[in-house]
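Me: Hey, could you walk me through this structure? I'm new to it.

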Amino acid sequence: MTVKLGRGECGGHVTLFFAIMDKSEKIEEQGSFGAGLCLKHGVEAIARGEEGDFKLKINYLDGNGEDGLYEEVIKILLDEVPEIGDYSWELNIKISLPVSQGFGMSGAGAVAAASSFQRALGVSHEESRRRSYLIAHKVERIRSTGLGDITALSAGGVERRIAVGSPYSGEKLNSGPGKAEGWFEEMPVILAWKSETGKHTSNYIDNVEWKQKITSSGKKAMETISKGSWDKNRWQELIESAQKFVIDSGLVMDSKRNELLFESNNLIESCDLEEHVVSLLCMLGQSIVIVPKKLDLNNFEIKKICKKFNEIGFETIITSLSNNL
């Protein structure tokens, strides 16, 4: 009996600000403007297929996941790569960050899974990569779990999304309409969150009032961010734009995010590091990302910060930027 094995992986993504652009009837043209950070930690998927009746069994090796996400991936992929239907599949998923906390785990999971199925069937790396982004973008929009994470992930590093939609589409998967630009710098990143699950993304992007507030604030942030070259010289501007966005949009006052930010800032002050690091809210979770204010600061007592956060009930993980460039 023929057995096929394939592996896919994809890091997570933290959105710092965004504007919702979902009016197009075509899924490939929906998405968001915005900016954020692509992470090294994310989702790994191993697909094992045996010739036989088509079915899918999903196992979670670490962390929790949603079967519906991966079922939607293989459903859409079946139309693109019909040979998938000739196999009975077992999909093993390892998730290294919590779901529903603003770390882009649904998008990362969809990319990783789509890639693992295709690689198992021998689809070339570049073709499978591009198709995986397209499939993941469709899944995110169908399930209302995300808008621009996939386009962001296609750029890597510190990204800005300057054109809305899937990063790849069309029969030949040539390009866009979505476009993102990224730059990379070696940078430690601390993620911190409380154990209770955050709101589902759809509670915001499908709500008329929230859509208006978020989009208005996001467009305002993008007025300057979208102009000029995109490189490490824009780091301070990105931080300031993210801080303004959460206030202008009102998101800082929702779901106790203001309390999270207050606690985080107090803890950083207690470490005497307020001049060196900054806390930013992850959209749309109930979580914090802590990054250096200056990019030449690679050692800012990371373990000390994590210990302080853990002592008052935060969970933390140390990660870094991804480098897809």
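Me: Let's start with the largest cavity. Which element gives the most to its lining?
Reply: That's β1, with three residues. Keep in mind that this is a predicted model.

Me: Which elements each supply at least two residues there?
Reply: β1, α1 (67-80) and α2 do.

Me: How big is the largest cavity?
Reply: Its volume is about 470 Å³. The lining has 33 residues, and the closest to the centre are Gly104, Ser106, Thr145, Asp149 and Thr201.

Me: How do the lining residues of that cavity divide into nonpolar, polar and charged?
Reply: Twelve are nonpolar, 16 are polar and five are charged.

Me: And how many cavities of 30 Å³ or more are there?
Reply: The count comes to one.

Me: OK, what about the largest pocket? How much space lies in it?
Reply: About 660 Å³. For its lining you get 30 residues, and Gly8, Glu9, Cys10, Gly11 and Asn324 are the closest to the centre.

Me: Which element gives the most to the pocket lining?
Reply: β2 does, with seven residues. The elements that give two or more are β1 (3-21), β2 (31-51), α2, α3 (125-143) and α4 (149-155).

Me: Let's go back to β1. I was looking at Thr15; where is it?
Reply: Thr15 sits in strand β1.

Me: Buried or exposed?
Reply: Thr15 counts as buried, because its relative accessibility is 7% and the cut-off for buried is under 20%.

Me: What does the Thr15 side chain pair up with?
Reply: The side chain of His13, through a polar contact of 3.5 Å. Leaving out residues up to four places away in sequence, Thr15 touches Ala35, Gly36, Asp149, Arg161, Leu281, Cys282 and Met283.

Me: New topic: Arg160. Where does that one sit?
Reply: In strand β5, which covers residues 158-163.

Me: Is the Arg160 spot buried or exposed?
Reply: Arg160 is buried, with a relative accessible area of 3%.

Me: So what polar partners are around it? Which side chain does Arg160 make a polar contact with?
Reply: The side chain of Glu181, at 2.7 Å. There's also the backbone oxygen of Ser226, which lies 3.5 Å from a polar atom of the Arg160 side chain.

Me: Which residues does Arg160 touch, not counting those up to four places away in sequence?
Reply: Gly34, Ala35, Lys179, Ala180, Glu181, Ile225, Ser226, Lys227, Gly228, Ser229, Trp230 and Arg234.

Me: What joins Met283 and Leu284?
Reply: A cis peptide bond too, with omega about 10 degrees. Leu284 is in the loop between β8 (277-281) and β9 (287-292). You've met Met283 already: Thr15 touches it.

Me: What's up with phi at Leu173?
Reply: Leu173 isn't a glycine, but its phi is positive, at about 55 degrees. Leu173 is in the loop between β5 and β6, and at 5% relative accessibility it counts as buried.

Me: And phi of Asp272?
Reply: Near 55 degrees, a positive value in a residue other than glycine. Asp272 is in the loop between α8 (257-270) and β8, and it counts as exposed at 60% relative accessibility.

Me: Let's zoom in on Phe117. What does it touch, not counting residues up to four places away in sequence?
Reply: Phe117 touches Ala47, Leu56, Val73, Ile74, Leu77, Ile84, Trp89 and Leu91.

Conventions. Residues numbered from 1 in each chain as written. Predicted model: local features only at pLDDT ≥ 70, side-chain atom pairs only at ≥ 80, totals over all residues. Heavy atoms only, no water. Contact = heavy atoms within 4.5 Å. 1 Å grid on protein atoms, 1.4 Å probe; cavity = no way out; pocket = protein on both sides within 12 Å on 5 of 7 lines; lining within 4 Å. Points joined across faces, edges and corners; volume = space filled by probe spheres on them. Helix = DSSP H or I, 4+ residues; strand = E, 2+ residues; numbered from the N terminus. Buried < 20%, exposed > 50% of the residue type's maximum accessible area, 1.4 Å probe, protein only. Polar contact = N/O pair within 3.5 Å; in protein donor to acceptor, adjacent residues only side chain to side chain. Nonpolar A, V, L, I, M, F, W, Y, C, P; charged D, E, K, R; others polar.
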